[in-house]
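Please consider the structure shown below together with its sequence. The paragraphs that follow lead through the arrangement of the chains, their domains and one of the sheets.

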Protein chains: 2
Amino acid sequence: MKKIIIVLLVFFAHNSFSQNIDSIIINKFFSEALSNNLAYDNLRYLCKNIGGRICGSTQSEYAVSWIKNLLDKLNLDTVFLQELMVRNWIRGDKEYAYISSQKFGKIEVNISSLGGSIGTGSNGLFGKVIEVKSYEELFEYDKDYITDKIIFFNQHLNPTYLNTFRAYGEVAKFRVAGAMNAAKLGATGVIIRSLTLSNDYYPHTGIMSYNDSIKKIPAVCISTNDADTLSTLLKLDKELKFYFRTNCYEGEEKTSYNVIGEIRGNKYPDKIILIGAHLDSWDTGEGAHDDGAGIVQCMEVLRLFKTLNISPNHTIRFCAFMDEEVAQRGGKKYAEIAKQKNEIHIAAIEADAGGTTPFGFSINADDIVFDKIKKWSDIFFQYNLFLIVKGGGGVDISFLKELNVPLIGLITDSQRYFDYHHSPNDRFENVHKRELQLGSASIAMLVYLIDKYDL
Amino acid sequence: MKKIIIVLLVFFAHNSFSQNIDSIIINKFFSEALSNNLAYDNLRYLCKNIGGRICGSTQSEYAVSWIKNLLDKLNLDTVFLQELMVRNWIRGDKEYAYISSQKFGKIEVNISSLGGSIGTGSNGLFGKVIEVKSYEELFEYDKDYITDKIIFFNQHLNPTYLNTFRAYGEVAKFRVAGAMNAAKLGATGVIIRSLTLSNDYYPHTGIMSYNDSIKKIPAVCISTNDADTLSTLLKLDKELKFYFRTNCYEGEEKTSYNVIGEIRGNKYPDKIILIGAHLDSWDTGEGAHDDGAGIVQCMEVLRLFKTLNISPNHTIRFCAFMDEEVAQRGGKKYAEIAKQKNEIHIAAIEADAGGTTPFGFSINADDIVFDKIKKWSDIFFQYNLFLIVKGGGGVDISFLKELNVPLIGLITDSQRYFDYHHSPNDRFENVHKRELQLGSASIAMLVYLIDKYDL
């Protein structure tokens, strides 16, 4: 009996000691992150000195060398590039569009080519407009009626959902496949209402797809305010026409890179905790929330471990993925090499939900791993990380799923995210230093716990 | 046995039915709030057409009639004014200040008189500056040394706290009592570093106090960036002087009003659930987050009940309190009358923490009440309201404490709040429609549950 008590005492003593140490270290992550400007200054540089950096662009090359250079300065154990080929879609000169109405005259509107779209050619495209809110509505029309028309997908995001990602997810299909579906019926072009809950004049771009068996037609997004104008005028003037000229085209594929930096594990150097974000962004904004925030947060995690002199058991590897926005070649290449090399990843964490206040983690893993993370809820909760839920980890790390890696995504407050997402408004000024840094510290905390207690 | 089972079945059936109804209604609050612009448009009007509205000002009078008019239109059961007297502190012409250094020349800086301060007179105040970071540091100086000097309280808010209200609370004592304490030692004026975690050029004002037994000296706040400049230059030039001219003064007290609107309870009309926010604001900004947001949120709660045709058991009363910022006369008057009339308040809820994403509720009540509210955590949690904690309810409702009323405050994400608080930057543009409306629906949900299940 005495022995049992001693064992229990030792157990509890060790347990509470350990919890105490954990609390102290986690508190240091937050204190250091909240009182340091480096991540925020890095984001400013990335946004203002490099700017929008779609894969294949000069800016994306600059971003690769910038981040490689920063990682070199962090005094890590390993820094290297992972070569890959990327598509090289080029926007060309700024797009131009107007509504032409005999009743209302010529009204210029703000549009932006969707990523991957073909251009209109220098003469542009001019035609009557048919507004639809769903594919069902589109397919009710006869092919004859649609032929030579421009299809205007004007579906709003549902404002009643608490999580704006849900609203976005529901409507993204028009941006992705609107052109394909409209072309089936003979349409000459498509206009997509920007995927945002905000009423603004910014076109919110994003990737779209073609199908080789269907004619390729140009696709643009239109700002929500201009979409409302177009919709209103269409009701008043059925003869209204729309003109747009886009100059985008697909260039030759280019060589690019994932950029990787590691702090080697002192006990299990071959076991990897991956943290990642994507370095590329759309070209029309500065890629501040999407995903400059994630990039500087992950770099900050490495800095926190170095600055606080925490030597991890496992290797902490940061990957700045190239090409999340266009074809996810960076994520695919990373997984391909991890598989080739039989690398062991004990977890992969992605930060790609914007630099707003973190709410918790979304976990794509089996129940045992999920429950283990869920058991840390008390300490997460102390830092307002209240959501530990099952869900996706992130696009770049998703390709590690077949290697059975637990995938984890940082969840953030989503209310403002789609105001900026893929638009000229995704600027440094719209990221808040403290909100950003709470994300950095949250990821550091999770990495620390996984490193210490494994999954 | 059979009877027991039937009773149990009926009980469970009723219970789950009831929960189901609750879920449906609460979901309607959120859906309606998130898809309606009225509260946001009201806030725009209050900020842009009325603007800053310190008690005693013409703007505050305009705000009273504006809100009275809006409440009249809401088709409530009762709308009335509660008369009170308010102080009438007047800023006068814009303040002017500069650093004067033989080494560095004349450098203009942004200041703002603290509320309640005396002015410098038209000649302004010119003198050497002594920087301190604490009262301990101040009181180490000899009176001879301080006499005729200007004391510069340059304490930063602690950035390492998760909750910025905590950081603010720690340092507010310099703004409130800095002048009193400096005057004791013969200082001629005080400069207070603005109470914000943001690095900006906005002076963040706020109330200060005098003591009749101590000489009154002028007090101003200085923007954080200018405070840093002043501090740096002081290190390089001990002979540096500071000039400031302020034109504020105390006018005659004025009549003003709390504005009250009620939906009468259908079962217990004499039992009141109070929701409140303050209508007055500082004069230098638009009073958007502080506390226009709370005002339009509470009005939205009334609208939600009316629009969704929910007839409450208890009376839901909204009070737009006058004079939270200066002397809390509105809150005091409200409590005084409630006491006189022996009114029964089953709860008082205040929204005065800005229009950012709501996190939950802070409860000042006994354990029984606290536990009852805590038991609703599951439904709160579905709407990301994860914090149900013991704490203050709000300044305006605090005077109901002696009547033993459970006091509840809406907790919001505090990261950005003090960027705006009491500054020219507290503008409509800095309030996000969805974040604002999540607050409205959160209060409606709480009112609904209190109304249905009592406390």
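Chain B is superposed on chain A by a rotation of 180° with 0.0 Å of shift along its axis, at an RMSD of 0.0 Å; the superposition is by least squares on the C-alpha atoms of residues with pLDDT of at least 70 in both copies. That is the relation of a two-fold axis. In chain B, the C-alpha nearest this axis belongs to B:Phe386, at 3.4 Å from it.

This is a predicted model, in which local features need pLDDT of at least 70 and side-chain atom pairs count only at pLDDT 80 or more, while totals for chains, interfaces and linings use all residues. Residues are numbered from 1 along each chain as its sequence is written, and chains are lettered from A and ligands numbered from 1 in the order in which they are written. The pLDDT is the predictor's confidence in each residue, from 0 to 100. For chain A its mean is 96, and 96% of the residues reach 70 or more. Residues 1–16 of chain A, however, have a pLDDT below 50, and beyond near neighbours in sequence this stretch has zero contacts in the model. Where pLDDT is low, the predicted coordinates should not be read in detail. For the complex, the predictor gives an ipTM of 0.94 and a pTM of 0.95.

The two chains meet through 18 residues of chain B and 18 residues of chain A, where contact means that the C-beta atoms of two residues, placed from the backbone, lie within 7 Å. On the side of chain B that touches chain A, helix H1 (2–34) and helix H13 (433–453) of chain B each supply at least two residues. Helices (H or I, at least four residues) and strands (E, at least two) are DSSP runs, numbered from the N terminus. H1(B) gives the largest share of that side, three residues. Of the interface residues of chain B, 100% are also interface residues in chain A, so the copies meet through the same surface.

Within chain A, an automatic or database domain assignment gives domain 1 (29–89 + 252–453) and domain 2 (92–247). The centres of these two domains of chain A, taken over C-alpha atoms, are separated by 33 Å. Their contact takes 15 residues from domain 1 of chain A and 18 residues from domain 2 of chain A. Helix H12 (residues 417–420) of chain A contributes the largest share of the domain 1 side, three residues.

Chain B holds an open sheet of eight strands in the order E1-E10-E12-E11-E13-E16-E14-E15, with mixed pairing; two strands pair if DSSP finds at least two bridges between them. Strand E1 (78–90) and strand E15 (387–390) of chain B stand at the edges with a single partner strand each, so one side of each is left without a neighbour in the sheet. Direction ignored, neighbouring strands of this sheet are turned by 20° against each other on average. Strand E13 (residues 344–350) and strand E16 (residues 407–412) of chain B run parallel and are joined by three bridges, with B:Ala348 opposite B:Leu407 in E16(B).

Helix H3 (residues 58–73) of chain B packs on the sheet, touching E1, strand E10 (249–263) and strand E12 (314–321) of chain B, and its direction makes about 10° with that of E10(B). Axes are lines fitted to C-alpha atoms, for helices over the stretch in contact, and angles run from 0 to 180 degrees between N-to-C directions.
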